[in-house]
Amino acid sequence: MVLTRIVPSQPALILEGQKRHLIATDLHIGFESNLVSKQIFVGKNTSIIESIEQLSSIIDSENPDDLILLGDVKSSIKTISRNEWDEVPLFLKKLQEKTNIILIPGNHDANIQKLAPDGITMISSFGLVIENTLLTHGHTMPTENFSHVNKIIMGHVHPVFFEEDSVLNGQRVWVSLKVEKEKLFPSSSGQIEITIV
């Protein structure tokens with residue numbers, strides 16, 4: 001049975017069983033191109049360098065066996081932008097120097113295999129099962145083949161908390177819920193835990 005734990009003060013999760021996996025999702029590398037088209041400038045390579053540094057620091061402190069990226073590594077949906085041609089391979093190579101990388105494509109990751117350096121493990125967008133847990137981006141419904149799992153960890157949704165008088169108002173949050181399993185897998189019963197990173 002795998003255990004999950006949030007990396008303190010970081011947008012990352014540890015999944016620990018026979019191995020220790022670091023989970024991250026929805027990096028949207030190259031999103032600055034969209035901002036530039038709206039005349040918003042954040043500085044060339046600013047966010048990619050910050051993303052590499054942040055994940056490198058987590059890898060150093062948590063010492064995982066691998067980094068599992070739950071999709072939307074890049075930002076554009078159907079194409080590869082000029083920034084993504086440079087930044088996605090740089091990002092993957094730098095982190096690959098620290099640990100193994102497993103990539104589960106999301107809805108923004110069309111043709112991402114063209115950007116991935118050798119040695120990156122590419123998984124189907126349907127997801128990856130580790131012991132009793134399905135890891136998926138979340139843009140596709142899980143198939144009945146995954147009905148044996150007890151947990152799903154996904155991204156894609158980008159949940160934000162809204163309550164006007166709360167200090168959390170407008171902050172990105174994670175969602176953890178338990179639902180009746182037959183709502184996802186009609187042939188199953190019981191409960192399933194879903195974590196939206």
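This is a short tour of a predicted model, stop by stop.

**Before you start**

Residues are numbered from 1 along each chain as its sequence is written. Because the model is predicted, local features need pLDDT of at least 70, side-chain atom pairs count only at pLDDT 80 or more, and totals for chains, interfaces and linings use all residues, while side-chain values use heavy atoms, with hydrogens and water left out.

Helices and strands are DSSP runs, numbered from the N terminus (helices: H or I, at least four residues; strands: E, at least two). Two strands pair if DSSP finds at least two bridges between them.

**Stop 1: the sheet of 6 strands**

Select β1 to β6. They form an open sheet in the order β1-β2-β3-β4-β5-β6, with mixed pairing. Which strands are at the edges? They are β1 and β6 (121-122), and each pairs on one side only.

Start at β1. Strand β1 (residues 3-6) pairs with strand β2 (residues 13-16) in the antiparallel sense, over 4 bridges. Pick Leu 3: its bridge partner in β2 is Glu 16.

Strand β5 (residues 100-103) and β6 pair in the parallel sense, over 2 bridges. Here Leu 103 stands opposite Met 122 in β6.

While you are looking at strands, keep one rule in mind. In a regular strand the side chains alternate between the two faces of the sheet.

**Stop 2**

The hairpin of β1 and β2 has 6 residues between the strands. Select Ser 9 there: it takes a positive phi near 60°.

Next, select Val 7, in the loop between β1 and β2. Is Val 7 buried or exposed? Val 7 has a relative accessible area of 4%, so it is buried. The terms have cut-offs: buried means under 20% relative accessible area, exposed over 50%, and partly exposed in between (1.4 Å probe, protein chains only). Val 7 and Leu 22 are 15 residues apart along the chain, and their C-alpha atoms are separated by 8.9 Å.

**Stop 3: the largest pocket**

The largest pocket has a volume of about 650 Å³. To find its centre, select Pro 11, Thr 25, Asp 26, Leu 27 and Arg 172, the closest to it of the 27 lining residues.

How is a pocket found? On a 1 Å grid over the protein atoms alone, a pocket is an open set of points where a 1.4 Å probe fits, with protein on both sides within 12 Å along at least five of seven lines; lining residues have an atom within 4 Å of a point. Grid points are joined across faces, edges and corners, and the volume is the space filled by probe spheres set on the points.

Which helix gives the most to the lining? It is helix α2 (residues 46-62), with 7 residues. The lining divides into 14 nonpolar, 8 polar and 5 charged residues. Ala, Val, Leu, Ile, Met, Phe, Trp, Tyr, Cys and Pro count as nonpolar, Asp, Glu, Lys and Arg as charged, and the others, Gly among them, as polar.

**Stop 4**

Select Asn 63, in the loop between α2 and β4 (66-69). Asn 63 has a positive phi of about 50° although it is not a glycine. Asn 63 is exposed, with a relative accessible area of 61%.

**Stop 5: helix α3**

On the way, select Ser 75, in the loop between β4 and α3. Ser 75 counts as buried, at 17% relative accessibility.

Then select helix α3 (residues 82-96). Its buried residues are Glu 84, Glu 87, Val 88, Pro 89, Phe 91, Leu 92 and Leu 95. An α-helix has 3.6 residues a turn, so residues three or four places apart point the same way.

**Stop 6: the sheet of 5 strands**

Select β7 to β11. This open sheet has the order β7-β8-β9-β11-β10, with mixed pairing. Because β7 (128-130) and β10 (175-180) each have a single partner strand, one side of each is left without a neighbour in the sheet.

Look at β7 and strand β8 (residues 133-136): they pair in the antiparallel sense over 3 bridges. Leu 128 has Leu 135 in β8 as its bridge partner.

**Stop 7: the loop between β9 and β10**

Select His 158, in the loop between β9 and β10. Its phi is near 55°, a positive value in a residue other than glycine. At 38% relative accessibility, His 158 counts as partly exposed.

Finish with Glu 164, in the loop between β9 (151-154) and β10. Glu 164 is exposed, with a relative accessible area of 73%.

Terms used
Expected span 1.5 Å × (residues − 1).
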